Amino acid sequence: DIASVYDQVIDKLEANAGKIKFSGIDTGSRDLNYILGGFQEGMTVIAGRPGMGKTIAGLQHAKSAAKSGKRVLFLSLEMPKESLMFRLISSENNDYKYSDLKANRVKPDDILKIRNSNASILKSLPIFFYDSDNRDINYLSMILTSEAKRNKIDIVVIDYLQLIRDNQLKDQSDFAQVSSVSNKIQKLTRKLKIPIIALSQLSRGIEGRSSRLPQLSDIRSSGNVEQDAIAVIGLYRDDYYKYTDARANNTAKAPDDNILNYVILKNRDGQTCTIERYVDVTTNRIADSYDELRNYQVAYQDSAINTIKNEFE
């Protein structure tokens, strides 16, 4: 009844008043925590064109959640878990590019440096990888449910949405398939009562516009994704287009600015806006400021939003 729900909500507010500044799981970004309240129960979609940094973002959010003490399941449908680990090792080390590690372009001396670097913290993080060849949503839902209960998973990251199919659906069109998959993921979040971060492709139609900033309509074969998600974030990295445009026009590329825009296209519980973050694609590292990106700090620090004075901004 309404009275009991009211009492539950007020008691929860009272228990957390002055103690925490966001109710969800730490995103690793102060600004994103403030806008979203952390990752909340439900499906959050992080979408972008190829080259925008979807997997980098997915891994960064998974790592940040794990460093804050949450247990993470990373479901990879695009690349094996070894490739994900190369990316994570690079993100925790200033000296080694992801591409060099993956291609084994290292010397014997480098191995000791890597073992003794901050990357060693990765061994203790509560992250579980699942790189399945079976992409049926019904099978994956069963696996996710089992893993969530067995390992007490707090948050799931899926890379990525359009690779999943629904074998129970007769309609094989992309629209129908993605709609069904999205709906079943949304139901799964309610069943498990945890956030699920679904990475997603954007349609190539974005390339033909004068403004390449993502829009809700750009989610490829989006179906009902927009309706099912509690939040939709579009990733935009202008450096990628500087490179592709210079290559197409046979001109010199403009200097990189390392900016990665998180365009909040939908936020069921708050405002929509654009959050400016910074990315180094060579090391798979994302930060809230350019100084933080370049002057990499070994010691992990919890989101700065927790240090805000009690008077909310």
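Modeller: In this predicted model, buried means under 20% relative accessible area, exposed means over 50%, and partly exposed lies in between.

Colleague: Then why is Asp174 called partly exposed?

Modeller: Asp174 has a relative accessibility of 44%.

Colleague: What makes Arg165 and Asp174 a salt bridge?

Modeller: Their closest N and O atoms are 3.4 Å apart. The cut-off is 4 Å, so the pair qualifies. Arg165 is partly exposed, at 24%.

Colleague: How many salt bridges does a search of the whole structure find?

Modeller: The search finds 11. One of them joins the side chains of Asp31 and Arg30, at 3.6 Å from N to O. That value is within 4 Å, so the pair counts.

Colleague: What makes Lys63 and Glu92 a salt bridge?

Modeller: Their side chains meet at 2.8 Å, N to O. With a limit of 4 Å, the pair therefore qualifies. Lys63 sits in helix H3, while Glu92 is in the loop between helix H4 (81-91) and helix H5 (98-102), 29 residues apart. Lys63 and Glu92 are both buried. Salt bridges with shared partners also join Lys63, Lys67 and Glu92 into one network.

Colleague: Why is Ser141 called buried?

Modeller: Its relative accessible area is 15%. Buried means under 20%, so Ser141 is in that class. Ser141 lies in helix H7 (residues 137-150).

Colleague: What lies 2.7 Å from the backbone oxygen of Ile137?

Modeller: A polar atom of the Ser141 side chain. A polar contact needs N or O atoms within 3.5 Å, and 2.7 Å is within that distance.

Colleague: Why is Tyr6 called exposed?

Modeller: Tyr6 has a relative accessible area of 55%. Tyr6 is in helix H1 (residues 2-16). With Val5, Val9, Ile10 and Leu13, Tyr6 makes a nonpolar surface patch of about 480 Å².

Colleague: Which residues have the most contacts inside the largest nonpolar core?

Modeller: They are Val156, Ile158, Ile164, Ile185, Ile233, Leu235 and Tyr262, in a core of 75 residues. Helix H3 (residues 54-67) gives the largest share of this core, six residues. Leaving out residues up to four places away in sequence, Val156 touches Leu73, Leu144, Ile194, Pro195, Ile196 and Ile197.

How values were computed: Residues are numbered from 1 along each chain as its sequence is written. This is a predicted model: local features need pLDDT of at least 70, side-chain atom pairs count only at pLDDT 80 or more; totals for chains, interfaces and linings use all residues. Side-chain values use heavy atoms; hydrogens and water are left out. Patches are made of residues with over 30% relative accessible area and no salt bridge: like charges are joined within 9 Å, nonpolar side chains (Val, Leu, Ile, Met, Phe, Trp, Tyr) within 5 Å. Accessible areas come from the Shrake-Rupley method with a 1.4 Å probe; for residues, only the protein chains shown count as cover. Helices (H or I, at least four residues) and strands (E, at least two) are DSSP runs, numbered from the N terminus. Buried means under 20% relative accessible area, exposed over 50%, partly exposed in between (1.4 Å probe, protein chains only). A nonpolar core is a set of buried Ala, Val, Leu, Ile, Met, Phe, Trp, Tyr and Cys residues joined through side-chain atoms within 4.5 Å. Contact means heavy atoms within 4.5 Å. A polar contact is a pair of N or O atoms within 3.5 Å; within protein, one must be able to donate a hydrogen and the other to accept it, and residues adjacent in sequence count only if both atoms are side-chain atoms.
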